[in-house]
Amino acid sequence: MPLSGFRILDLTRIISGPFCTSLLADMGAEVIKIETPGEGDPVRAQGVIRDGLSWYFANYNRNKKSVTLDLYSEEGKAVLRRLIAECDVIVENYRPGVMQKMGLGDEALKALKPDIIHCSINGFGTTGPYRDRPAFDFIAQAMSGFMSLNGAESQPPMRAGPPISDLVAGMNGALGIVAALLRRERTGQGDSVSVSLLGSMIGLLSFQASNYFADGRLPARTGNDHGIASPYGLFETADGQVAIAPSNDAVYHKLLDALELSELRADPRFATNADRMRNRGAITEAIQTRTRQHTSAHWIERLNRFGVPCGQVLNLQEVFEDPQVQDQRMAIDVPHGGHGDVRMLGFPIKFAQAEARPVQAAPALGADTRDVLLRFGFAQEDIRGLQERGVI
């Protein structure tokens, strides 16, 4: 696996950090998840619980080891320092400054492991006037401008359903860690990587931000229509709707061929994309007059044959029954001991040399504490003492 041989110390919980470290674990890194004794990651008690197991937790914490450690105690911090000294990367999603208060700021981390890579996933960044504010996905979606672009123009701003800022921050964290590891291979130097939910969402603003920078005009919400291309969106068929995305003139003309609407080429209202944007309602109705005449399946087959990107809006059952999704193994069953098989999301990046996939179920709370501490040089009697004192 690409990250085999690298060891990650995971101090994260909820979504952004665990998603980051799950990506690293799926690619072969050894991930040691530190959890509070008797409590663990709050996600263990969230989502649908089956036979005492949160499938939500299982999805984001597969391929990891769980070590319980009381980080409020001095003994617990001492154990943590010994673990850090043997790891390549430490990942945490505390508020900025918490690591410093624990005596584990960047200088202290370097003293323990000179080439350590420290990744902080936070709400607003490690500097600036908002650095100490609490943040969750909804807040990042709102404050980044992302929500202002989502939804129909006549409706209030709309959040995306999945916790997208947590997920994108997690991906950015994993990317930053891999880049830092690559540089360390070249230079021998560690690094400190900071990823924020706010910055990650702003990084997704795409052409809306570019257009705003260019002309200073605030973009309107366009619902399922595209902000800079027409026709584009959901079109009614005889039995539902089909998503059609002709993003340039060449594909637009393929669409006209597929729909047998060649007469629209001569209509001055639709001569250019700018013309079609000004007359979006008219071009949409002209297309829908034709698409309503046949089923969605008919149009999906025909449009694909003509090279026009299209597809249906699928619910989750339809997604995971789709033959392409099944071919790409985007839903997989992972044995979880007494809990049976747990279905979870597959890994979206495909490597030719080795498949990134779960090889180990999400751990029970503290399942690996003793084994990990033994591997890190703790004596049996020391481990018994830590357990008796509630440190582990």
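This briefing describes the fold, the packing and selected local features of one protein chain. The structure is a predicted model. The protein is divided into domain 1, covering 7-204 and 326-389, and domain 2, covering 233-315. The centres of the two domains, taken over C-alpha atoms, are 43 Å apart. An open sheet of six strands with parallel pairing is described below, together with the helices that lie across its strands, including helix 1 and helix 7.

**The six-stranded sheet**

- The strand order of this open sheet is 5-2-1-6-7-8, and the pairing is parallel.
- Strand 5 (64-68) and strand 8 (191-196) form the edges, each of them pairing on one side only.
- On average, neighbouring strands of the sheet are turned by 20° against each other, with direction ignored.
- Five bridges in the parallel sense link strand 2 (residues 30-35) to strand 5.
- Within this part of the sheet, Glu35 is placed opposite Thr68 of strand 5.

- Helix 1 (residues 16-26) lies across strand 1 (7-10), strand 2, strand 5, strand 6 (89-92) and strand 7 (117-122).
- The direction of helix 1 is at about 130° to that of strand 5.
- Helix 7 (residues 164-187) lies across strand 6, strand 7 and strand 8, and runs at about 165° to strand 8.

**Nonpolar cores**

- The largest nonpolar core has 33 residues, of which Ile8, Cys20, Leu24, Val89, Val91, Ile121 and Ile177 touch the most other members.
- Helix 1, strand 6, strand 7, helix 7, strand 8 and helix 8 (197-202) each give two or more residues to this core.
- Helix 7 supplies the largest share of the core, namely six residues.
- A second, separate core comprises 26 residues, including Ile32, Val67, Cys87 and Leu104.
- Ile121, one of the residues of the largest core that touch the most other members, has contacts beyond four places in sequence with Ser16, Gly17, Cys20, Val91, Glu92, Asn93, Tyr94, Ala169, Gly170, Val195 and Leu197.
- In soluble globular proteins, nonpolar side chains tend to be buried together.

- Asn59 belongs to helix 2 (residues 55-60).
- With a relative accessible area of 11%, Asn59 falls under the 20% limit and is therefore classed as buried.
- The side chain of Asn59 reaches the backbone nitrogen of Leu345 at 2.9 Å.
- When neighbours within four places in sequence are left aside, the contacts of Asn59 are with Met344 and Leu345.

- In helix 13 (residues 296-305), the buried residues are Ser296, Trp299, Ile300, Arg302 and Leu303.
- The cover over these buried residues includes strand 10 (241-244), helix 10 (249-259), helix 12 (280-291) and strand 11 (310-311).
- Gly307 follows helix 13 and has a positive phi, near 80°.

**Backbone features in loops**

- Ser230 and Pro231 are joined by a cis peptide bond, with omega at about 0°.
- Pro231 is found in the loop between helix 9 (206-215) and strand 9 (233-236).
- Ile14 has a phi near 70°, which is a positive value in a residue other than glycine.
- Ile14 is located in the loop between strand 1 and helix 1, and at 28% relative accessibility Ile14 counts as partly exposed.
- Asp51 likewise has a positive phi, near 55°, and is a residue other than glycine.
- The loop that holds Asp51 lies between strand 3 (49-50) and strand 4 (53-54).
- Because its relative accessible area of 63% is over the 50% limit, Asp51 is classed as exposed.

- Ser262 is placed in the loop between helix 10 and helix 11 (273-278).
- Its relative accessibility is 46%, so Ser262 counts as partly exposed.
- Ser262 and Ile14 are 248 residues apart along the chain, and 54 Å separate their C-alpha atoms.

Methods:
Residues numbered from 1 in each chain as written. Heavy atoms only, no water. Pairing = 2+ DSSP bridges. Helix = DSSP H or I, 4+ residues; strand = E, 2+ residues; numbered from the N terminus. Axes fitted to C-alpha atoms, helices over the stretch in contact; angles between N-to-C directions. Contact = heavy atoms within 4.5 Å. Domains from an automatic or database assignment. Buried < 20%, exposed > 50% of the residue type's maximum accessible area, 1.4 Å probe, protein only. Polar contact = N/O pair within 3.5 Å; in protein donor to acceptor, adjacent residues only side chain to side chain. Core = buried A, V, L, I, M, F, W, Y, C linked by side-chain atoms within 4.5 Å.
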